[in-house]
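Me: Please take a close look at one part of this model for someone who has not seen it before. What surrounds it, and how do its ends look?

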Amino acid sequence: IEKVSKIADITVRRIIADHVRGATFLLADGVRPSNKEAGYILRRLIRRASTFIERHNLEHLLLDDLIVETIKNFSGFYPNLGQNRNEIVNEFKNEAEKFSKTLKQGLKAFESAIKRKEKFSAKDAFDIYQSYGLPPEVMKDMLKERSLQFDQSGFESEFKKHQQGSKKGEIKKFGGHGLVLDTGELKAADAEEAGKVVKLHTATHLLQSALRKILGSEVKQAGSDITVQRSRFDFTFSRKVTGEELKKIENLVNEMIKKDMPVMMKEMDYDEALKSGALSFFKQKYPKRVKVYSIGGQGDIFSSELCGGPHTGRTGEIGKFKIIKEEAVSSGVRRIRAAISD
């Protein structure tokens, strides 16, 4: 609180300090800003702190100072704060900087809506939140300053309507008649689409193995999403992958496809699977019995992973593999988008 400028009201100072502290602990625990679960809470904390800094003309306030002060005060009890200091600061600043690009527009949209109407509706609030990410708590504070009420139940109703509309749109996107394949990671509306995503899924196993062979064992899966058009694979790695390395990775995957290697599945106990060297997705909880998909012949296994499937029978069925883009997702996590063609 002392680090926040004393020109600010004590309530404002407490809100900023408390939100920065909460976000710092979440980041230290490995949570990253997202639109789901703990990541959503973290994003809201960072955005509310950023909004108060903007609204109360505290742009001179360095977030680094507040984060470092939190770490200094608590690292004696929570060593992971000090151990992850640089990552905490970088992740917080990255999210705050991304949000700052739309924050000013969100505040202008709020002021414009207030001037345009005598009453600020729940739909106004949700539209501004949806378009600019301006936290509803902040709009509530700003309305209170004008002796106006925030329609919380109306806002929640608008939120639910949006979620329902998104689900309907998703069903329409995948054919309008339900899905023939839906594993969470893979979705397809018909047999033709299913064939494409299964090929991409098998290619993604080859990609992870190729990444580890070219870049080293630091690479571990951090997420995956596969559509009919492309696969998106997130992985842990500390720097940008060079163009030369990407070409080597792409060539290695295509070499394994050209070899037309068999794809084999074996069920075994989870512990046995890990002892065999099969890779697992660190964020996922596995049952006692698991499926292990291996690519390659006896004594020449190129890839082995815990996976629910489905996969092609042989790598030759996949087609030509092409890396479209490589980019950063967050500190220490990279993303590759790839596609296949006949």
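Reply: The buried residues of α1 are covered by, among others, α2 (37-55), α3 (63-74), α4 (79-83) and α5 (85-116). Here contact means heavy atoms within 4.5 Å, and buried means under 20% relative accessible area, exposed over 50% and partly exposed in between, with a 1.4 Å probe and protein chains only. Helices are DSSP runs of H or I with at least four residues, strands are runs of E with at least two, and both are numbered from the N terminus. The model is predicted: local features need pLDDT of at least 70, side-chain atom pairs count only at pLDDT 80 or more, and totals for chains, interfaces and linings use all residues. Residues are numbered from 1 along each chain as its sequence is written, and side-chain values use heavy atoms, leaving out hydrogens and water.

The buried residues of α1 include V12, R13, I15, I16 and A17, as well as H19 and V20.

At the N-terminal end, D9 caps α1, with a side-chain oxygen 2.7 Å from the backbone nitrogen of T11. Such a polar contact is a pair of N or O atoms within 3.5 Å; within protein, one must be able to donate a hydrogen and the other to accept it, and residues adjacent in sequence count only if both atoms are side-chain atoms. Just after α1, G30 has a positive phi of about 95°. A positive phi also follows α7, at S147, where it is near 60°.
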